[in-house]
Amino acid sequence: MKPAPFEYVDPRTVDEALDHLHRHGEEAKVLAGGQSLAPMLNFRLARPAVLVDINRVAGLDGVTETNGALRVGTLVRQRHLERAIDGRFPLLAAGLKLIGHTAIRVRGTVGGSIAHADPAAELPALLACCDGVILTRGRRGERSIAAAEFFVGPLMTALAPDELVVETRWPLPAPGTGWGLHEVARRHGDFALVGAAALVALSDGQVRSARVAVFGCGATPTRAAAAEATLEGRVPTVALIDDAARAAASKLDPHADLHASAEYRRRVARTLMTRALSDAISRASGSAR
Amino acid sequence: MTPRLIRLTVNGRAYTRSVEPRTTLVDFLRDDLDLTGTHVGCEHGVCGACTVLLDGQPVRSCLLFAIQLDGAVVTTVEGLADGERLHPIQEAFREHHGLQCGFCTPGLLLTAKAFLEEHPAPSDGEIREAIAGNLCRCTGYHFIVDAIRAAAGGVRR
Amino acid sequence: MGAKYFGAAVRRREDPRFLRGEGRYLDDVKVAGLLHAAFLRAPYAHAAIRAIRTERARSAPGVVAVFTFADLETWMKPLPLFGAPPPGLAAAIAFEIRQAPQFALCRDRARYVGEIVAMVVADSRARAEDAAEAIEVDWEPLPVATDMRQAAEAGAPLVHEAWGTNVGVAFTHAIGNVEAAFAGADVVMSETFHIQRYVGMPLESRGAVAVWDRRDGALTTWNSTQVSHFVQQGLASALGLPHHKVRVIAPDLGGGFGTKASGYPEDHLVPIAAIVLGRPVKWVEDRREHMMSAAHARHQIHAISLAARRDGTILGLRDRIWLDLGAYNVWGIVLPYNTVAHLIGPHRIRNMRVDVQAVTTHKTPNAPYRGAGRPETVFAMDRAVDRLARELKIDPAEIRRRNYIRADELPYDFGMPYRDGNPLVYDSGDFPAALEAALKAADYDEFRRGQAALRARGVYRGIGISGYVEGTAIGPFEGATVKVDLGGRVLVATGAVNSGQGHETSFAQVCADALGVPLEHVTVVGGDTAGVPFGVGTFASRSGVTAGNSIADACHQVRAKLVKAAAALLEAAPGDVDIEDGQAFVRGVPASAVPLARVVQASIPTFAKPGVASPDFEATAYHHVPTVTFASAVHVAQVEVDVGTGHVTLLRYVVAHDCGKVINPLIVDGQVHGGVAQGVGGALYEEMVYDEQGQLLTGSLMDYLVPTAMELPPLETVHLEFPSPRNPLGMKGLGEGGAISPPAAIANAIEDALQPFGVDITATPVSPARLLALIRETA
């Protein structure tokens with residue numbers, strides 16, 4: 001199981017990388033951490049003529065905090081971000097720990113996971129959950145794309161073939177925001193069959209804002225707008241949380257595969273939304289006390 | 001296609017070799033450097049048999065291309081023992097019957113080494129999570145957990 | 001001769017090389033000038049080959065040769081078939097058997113996805129794969145049979161047209177009077193259980209290296225096989241070579257589990273290529289190939305009925321059994337009859353009727369895998385017993401107490417043959433004692449007391465039991481040669497192949513005791529046909545018993561020779577000479593002790609004098625093992641079910657087992673653990689899935705789910721030791737047992753956890769999606 005032959009370039013600057021992408025178009029593939037791409041190369045399912053290895057591109061591996069958001073360079077390894085978060089974003093920290101295994105996260109990059117856009121992956125869903133933004137660069141300049149617009153289908157994004165993800169921006173939840181994250185996977189470290197993440201802020205016992213994202217349940221990570229609308233401005237009771245999850249689950253368009261039916265995904269998405277919301281609300285009220 | 005010259009350090013020894021782009025790190029170690037202790041189990045990053053340390057951290061060597069590793073520092077299982085003296089983790093695996101066929105063992109030893117350096121007194125749950133990316137088909141993991149716990153000087157908790 | 005090593009938890013002698021990364025597995029075998037092979041495999045489950053064009057592949061960079069069936073026609077001999085009923089069995093049961101041999105390359109049609117169409121040999125594996133992609137085949141897809149029950153019906157697409165049916169093995173077998181038992185029963189429980197296709201999945205895949213020595217007309221092939229002598233026999237007959245010109249070496253094996261005990265096309269193709277090209281050739285199976293071309297396993301359906309009295313006493317058993325063979329019936333009666341011989345297990349059931357059909361389908365051929373019919377049949381039986389208990393409102397532990405054969409009923413004669421044709425008679429054991437020991441270790445009563453309270457809090461925990469009695473160590477023999485060299489050191493060579501079981505340690509323990517030498521003086525080599533002329537191999541929990549006893553026999557012969565020589569040297573009567581710790585001495589005269597090296601050296605003739613005895617300190621033994629010994633165990637699993645997601649967590653797993661006399665308790669524990677882990681895989685995670693066109697959907701380890709350390713709990717073992725009267729060492733087989741009961745124990749535990757829902761589990765693996773669907777059906 002050896003890859004088909006390819007040429008290899010390892011540009012040192014973003015512009016140089018973009019030149020390669022422009023020149024080779026659909027024939028080129030960007031190699032970041034390679035944890036999804038390398039298996040596809042080894043299986044010969046991906047057969048690029050040119051591999052553009054961006055690992056030596058300078059300036060893409062920083063984690064900084066500006067204007068209440070974590071700015072994460074595209075080459076930041078998932079394992080590195082786990083440590084760099086340092087308590088600032090517990091939801092993201094919890095999500096990172098669910099990605100594969102240590103050896104995968106040591107190499108896997110944050111930007112790579114976003115650009116790969118696996119609908120069952122944690123990072124795209126968490127970025128959607130926190131209203132994050134993807135910063136891209138192409139020869140025509142920079143774009144800043146909201147997560148909601150970025151993920152357009154399974155393994156499909158708004159990224160043009162000659163564009164690179166250079167950074168992801170993760171707005172830090174306001175102090176007092178509670179979080180919840182639940183997923184079901186066949187084994188520890190596997191892609192989720194289905195998962196749900198929630199961020200909830202309360203004020204005066206009412207939900208000030210609720211953000212819920214579901215993953216592994218359809219073509220892209222999905223914000224559960226119906227759940228959010230059901231909760232906002234109301235006192236979060238068990239019954240209301242259940243209503244919210246049910247409303248959102250009915251709007252999902254889950255897929256079926258080897259490991260679970262669409263019906264399973266819809267049903268369990270509802271269960272996991274309930275759990276994630278309950279955790280988020282209890283954490284929010286815990287910190288409010 | 002077009003080969004390139006790379007220089008890297010493996011187990012403290014410097015190597016310069018010409019590599020084809022499509023040669024994975026594990027094939028490079030095994031075929032070009034004759035370090036056959038690193039094993040090929042799946043070539044798609046699931047089994048963990050090919051785990052080596054890259055700059056001290058565990059990685060799947062089937063998911064890296066050797067051409068990427070100019071300047072890298074790699075540790076393989078052959079670099080663990082100090083001459084005739086086994087590394088304490090190797091000793092613990094032997095003492096606790098933490099291996100049977102031995103095929104997954106090199107990957108597990110390196111995963112455990114990196115893990116214990118960061119978690120000197122792990123719980124059993126932490127040990128299990130740390131090695132969950134290394135499939136073993138022989139042991140059921142029970143004695144591997146015992147071995148890693150013992151290597152940390154710990155008792156079952 | 002004392003038991004200094006036998007029974008001791010000796011640290012494994014093979015470990016240092018494995019720990020240092022110095023094991024030599026198949027892919028580590030390197031010879032000068034090595035070429036590399038890759039295969040083009042069928043993309044269709046059933047298709048005719050209209051034409052193959054290889055020109056592009058032949059001219060691809062680095063390619064040395066491309067072989068199709070037509071290119072190698074003179075070399076293409078039918079691959080070996082196994083599993084004809086032995087005389088005692090054939091006399092008792094009328095088997096309908098159809099077997100069609102496979103050829104190493106598809107001749108004119110492919111019968112499963114992954115069957116080999118062409119072989120490419122090139123200067124690197126990558127380039128061989130490049131060229132394999134360039135081979136063009138005109139395929140004509142044909143109708144496929146994928147469902148074993150439909151395939152057994154008239155009118156189904158045929159796998160082997162000449163048969164006129166897909167049924168490869170069929171038979172009916174009965175003991176007692178099953179009609180009367182069912183007629184007289186208070187209650188009859190019937191259910192159909194499905195056991196999925198799951199596999200051994202050794203972490204090291206298969207592979208072969210072949211070197212042809214033209215000068216000597218001799219072939220040396222390294223093969224990652226559990227059965228080097230079988231591979232040798234197959235090659236000698238296919239290549240028309242004397243056996244002594246075919247040397248098969250099993251190097252270190254990265255697991256086997258039965259997957260590597262089958263015969264394979266590549267065993268022949270790699271040597272043939274080496275001979276035709278006059279250059280050494282290597283092929284290492286990659287994981288994608290392994291998924292589709294290494295033998296699959298399990299895959300049965302049981303429509304089972306139990307007849308019982310109201311108190312739970314089981315009176316009779318009926319079972320209609322289907323086995324999915326895949327595309328070739330390679331193993332004949334082995335799996336079907338193993339299934340039948342182990343159905344009753346520890347239960348006292350005197351009336352049984354089984355109707356069995358083993359059916360070919362357009363899928364990868366099946367072969368025995370750790371348990372070989374037992375996990376399937378035990379699943380059907382123990383699930384049925386639990387279902388009966390539920391119907392009768394009897395606790396699952398209690399119903400087993402009422403039905404398990406008591407120790408005082410042993411030897412227990414079934415009145416039917418075992419698979420080897422000899423009477424099926426349990427030799428020793430205590431099944432009720434194992435049951436009680438397992439229940440106690442698992443805190444069964446305490447668990448039951450806490451269960452309701454947990455349930456009231458929405459925590460669904462369950463406990464499940466499964467017991468088996470396993471015919472182990474099938475004969476008829478294993479070969480072992482023992483030699484003492486000039487330095488007094490001992491070489492043991494055996495046909496048994498070490499695939500991780502620690503043979504180099506446990507066989508050395510047997511030898512060191514039998515010969516009276518330090519363990520360090522013994523070297524054990526397994527699986528090299530040059531080491532011992534006749535051998536069988538490692539499978540069916542057989543090597544400890546068969547090779548162990550052969551090694552002991554050979555050692556006794558060598559010891560007698562050493563004693564005779566030492567007596568001459570020490571000028572004593574042989575009856576007064578003893579050997580201990582590598583020293584020969586006159587009993588009661590410690591000062592007389594001489595190292596064995598001196599005994600050997602004194603036996604070598606010199607110019608001055610003849611030796612004190614013939615320097616023949618060598619013996620080969622083939623200990624005859626006419627029939628099996630019966631190992632047994634009771635497993636208890638505790639699980640927790642998340643009723644919101646269908647996710648199952650295994651909380652505890654207890655095994656109380658008897659494998660007779662134990663050579664090395666550490667190794668025994670390890671074998672039990674490993675078996676359980678594979679059984680857990682079968683219970684909850686692992687399945688080879690095909691679609692209706694016969695396409696394999698589980699083509700990688702991303703989809704075929706081998707359990708990780710996070711899915712397994714700590715494993716608890718209780719050892720009972722009932723020596724077998726059937727061999728001098730009192731041993732029973734061990735390797736497979738752990739894998740037999742987990743599917744049944746875990747499914748029973750899940751059903752127990754979900755009793756408020758009344759969920760019926762009839763199939764494995766119990767995936768979250770399947771389980772949640774069941775919960776929601778009944779909720």
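Setting aside neighbours within four places in sequence, S305(C) is in contact (heavy atoms within 4.5 Å) with F182(C), V188(C), M189(C), S190(C), G316(C), L317(C) and R318(C). This is a predicted model, in which local features need pLDDT of at least 70 and side-chain atom pairs count only at pLDDT 80 or more, while totals for chains, interfaces and linings use all residues. Residues are numbered from 1 along each chain as its sequence is written, chains are lettered from A and ligands numbered from 1 in the order in which they are written, and side-chain values use heavy atoms, with hydrogens and water left out.

Back to S305(C), which sits in strand β14 (residues 298-308) of chain C; helices (H or I, at least four residues) and strands (E, at least two) are DSSP runs, numbered from the N terminus. S305(C) counts as buried because its relative accessibility is 15%, and buried means under 20% relative accessible area, with exposed over 50% and partly exposed in between (1.4 Å probe, protein chains only). Its side chain also makes a polar contact with the side chain of S190(C), at 2.7 Å. A polar contact is a pair of N or O atoms within 3.5 Å; within protein, one must be able to donate a hydrogen and the other to accept it, and residues adjacent in sequence count only if both atoms are side-chain atoms.

Another buried spot in chain C is V636(C), at 1% relative accessibility. V636(C) belongs to strand β27 (residues 629-642).

Now for the domains, whose bounds come from an automatic or database domain assignment. Chain C has domain 1 (15-21 + 476-621), domain 2 (209-254 + 259-291) and domain 3 (298-474 + 626-778). The centres of domains 2 and 3 of chain C, taken over C-alpha atoms, are 36 Å apart, and six residues of domain 2 of chain C touch 10 residues of domain 3 of chain C. Together these two domains bury about 590 Å², 64% of it on carbon and sulfur atoms; buried area is the accessible area (1.4 Å probe) that two parts lose on being put together, summed over both.

Chain B splits into domain 1 (4-79) and domain 2 (88-151). Their centres, over C-alpha atoms, are separated by 21 Å, and the contact draws 18 residues from domain 1 of chain B and 14 residues from domain 2 of chain B. About 1100 Å² is buried between them, with carbon and sulfur atoms giving 63%. On the domain 1 side, H39(B), L53(B) and V77(B) lose the most area to domain 2 of chain B, together 38% of what that side buries. Four residue pairs, both at pLDDT 80 or more, are in polar contact across this pair of domains.

In helix α5 (residues 142-151) of chain B, eight of the 10 residues are buried, among them F143(B), I144(B) and I148(B). The cover over the buried residues of α5(B) comes from both chains, including α3 (105-118) of chain B and α18 (665-685) of chain C. After α5(B) comes G153(B), with a positive phi near 75 degrees. Over in chain A, helix α7 (residues 122-129) has eight of its eight residues buried, and D131(A), with a positive phi near 55 degrees, follows α7(A).
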